[in-house]
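Visitor: Hi! Could you walk me through the spaces in this protein and then the place where the ligand sits?

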Amino acid sequence: MSTYLGCIADDFTGATDLAGLLARAGVKVSLRIGVPETPPRNTAAFEVIALKCRTAPVAQAVAETRAALAWLRAAGAQRFFWKYCSTFDSTPQGNIGPVAEALMADLGTDQTIYCPAFPENGRAIFMGNLFVGQQPLAESPMKDHPLTPMQDSNLMRLLEPQVTRPVGLADRLCVARGADALRDRLGALARDGVAHVVVDAVADEDLFVIAEACRDMPLMTGGSAVAMPIPQMMIRDGALAADAIRTAPPALPRAAVILSGSCSAMTRAQVARYADLAPSYRLDPLTLAEQGPDDALAWLAAQDLETAPLIYATADPDAVRRAQDALGTARAGHVVEQALGALAVCARDNGARRFVVAGGESSGAVTQALGVDRLDIGAEIAPGVPWCYCDTDGARIALTLKSGNFGTETFFADALSKLETT
Ligand code: ADP
């Protein structure tokens, strides 16, 4: 199937967020982990390539995104979306602006928009200033981010040092007048040579206006939310072929496993809640460092996977600190991630076909261990967390990858029951 929209995301959880929002419209969305090594085959109507280039050196980020663009063009995509974080995470060097300029050059286009707004999650842009809830970006916790501290809230000022061509604004007063007014404003800015246009959005309806006004733009850039209306708009206009619509997911055996490596407050609550419902096993980084994962593997092999057992390294901040003091932060994380990967393979080899994974890095470790490089996006369990379907060692499985604070306390049980009803 030919691809309509080709998306490139600068990190993995951002890619799943975008893929989940696009899939809300009921269309086929496929997420690739890294640029596929083989030419496009069996592609979906909406393709998302997940890179890990948010804080990579500029030249590397540009090279990777251009390779992703080339693959998406070969898949037949005519329109493209460059996805970054809704808090515009970047340094004065990039990578948001340099990547956008490189993609524009490859596509031969003179203008793009920047809209990281995500009203559902409290990210709004007004007069070019980004707000996180009621706080300006530079007063939000993002001001102290270890890699990309955001110490200005004004998107034009943030973007200017990252690009070579002029930056402008289409403000909320214009967006509020509708798609024609916004299109006129973009045209006027283009005639003045403005290549990079920050577009205000404070509410969901603004996103629809923006999607409509930009429908002929080869490249749009932003957070995930501004892409969300695109499939809906295409369905409304009859612009998608019938096979772009998602079909029912495969019926999979019930054998399941829950693997948790996230230590966020919400994941801790989710683990505590689920441990009352199913057999559970706690991974201890110190034991793993000394003895490897054999005990855990033996425990898992003895479980009835129909009970969907839970294995977790999830711990409170004091316990995490103790493990980190003893092993070093990187090694503590590494032994847990290695164990989760080995446990996922063991579960699969013992027949598990439903996998719930908690933790962004933990998800990366599990997908890598299972050899997964493509995920087909299914029904949403919680905002930003869909079920995905993929192949591992010749078997079709359902997999959901939940980062840190996503979902409510009942997420693990919710995820399993959602699979029964879709
Ligand atoms: P989140 O999405 O919540 O940030 P991640 O999986 O991305 O979760 O990150 C959690 C990190 O903490 C991983 O590297 C994981 O291996 C590590 N970790 C998990 N449990 C422990 C623990 N008990 N002690 C130390 N580190 C841990």
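Visitor: How many cavities of 30 Å³ or more does a search of the whole structure find?
Guide: The search finds 1 cavity of that size. Keep in mind that this is a predicted model.

Visitor: How much space lies in the largest cavity?
Guide: About 40 Å³.

Visitor: And which residues line the largest cavity?
Guide: Its lining is made of Asp10, Cys53, Arg54, Trp82, Asp89, Asn95 and Ile96. Sorted by class, the lining has 3 nonpolar residues, 1 polar residue and 3 charged ones.

Visitor: OK, pockets next. How much space lies in the second largest pocket?
Guide: That pocket holds about 890 Å³ of space. Its lining has 34 residues, and Arg32, Asn42, Arg374, Asp376 and Arg396 are the ones nearest the centre.

Visitor: Which elements give two or more residues to that lining?
Guide: Three strands do: β2 (29-33), β16 (374-382) and β17 (385-392). The top contributor is β16, with 5 residues.

Visitor: Which domains does the lining of the second largest pocket draw on?
Guide: Domain 1 (5-236) and domain 2 (256-421) each provide at least three residues.

Visitor: What about the classes in the lining of that pocket?
Guide: You'll find 16 nonpolar, 8 polar and 10 charged residues there.

Visitor: Let's switch to the ligand. Which residues come nearest to the ligand?
Guide: There are 19 residues around the ligand, and those that come nearest are Ser262, Glu337, Glu361, Ser362 and Gly404.

Visitor: Where do polar side-chain atoms of Ser262 and Glu337 lie relative to the ligand?
Guide: For Ser262, a polar side-chain atom is 2.7 Å from an oxygen atom of the ligand. For Glu337, a polar side-chain atom is 2.5 Å from a ligand oxygen atom.

Visitor: And what about the backbone of Gly360?
Guide: A backbone N or O atom of Gly360 lies 2.8 Å from an oxygen atom of the ligand. As for cover, the ligand taken alone exposes 570 Å², and the protein buries 81% of that.

Visitor: Which helices supply at least two residues each to the shell around the ligand?
Guide: Those are α12 (317-327), α13 (329-349) and α14 (360-370). The largest share comes from α13, which supplies 4 residues.

Visitor: Last one: how do the residues of that shell divide into nonpolar, polar and charged?
Guide: The shell has 8 nonpolar, 9 polar and 2 charged residues.

How values were computed. Residues numbered from 1 in each chain as written. Predicted model: local features only at pLDDT ≥ 70, side-chain atom pairs only at ≥ 80, totals over all residues. Heavy atoms only, no water. Near = heavy atom within 4 Å. Polar contact = N/O pair within 3.5 Å; in protein donor to acceptor, adjacent residues only side chain to side chain. Areas by Shrake-Rupley, 256 points an atom, 1.4 Å probe, with all protein chains shown as cover. Nonpolar A, V, L, I, M, F, W, Y, C, P; charged D, E, K, R; others polar. 1 Å grid on protein atoms, 1.4 Å probe; cavity = no way out; pocket = protein on both sides within 12 Å on 5 of 7 lines; lining within 4 Å. Points joined across faces, edges and corners; volume = space filled by probe spheres on them. Domains from an automatic or database assignment.
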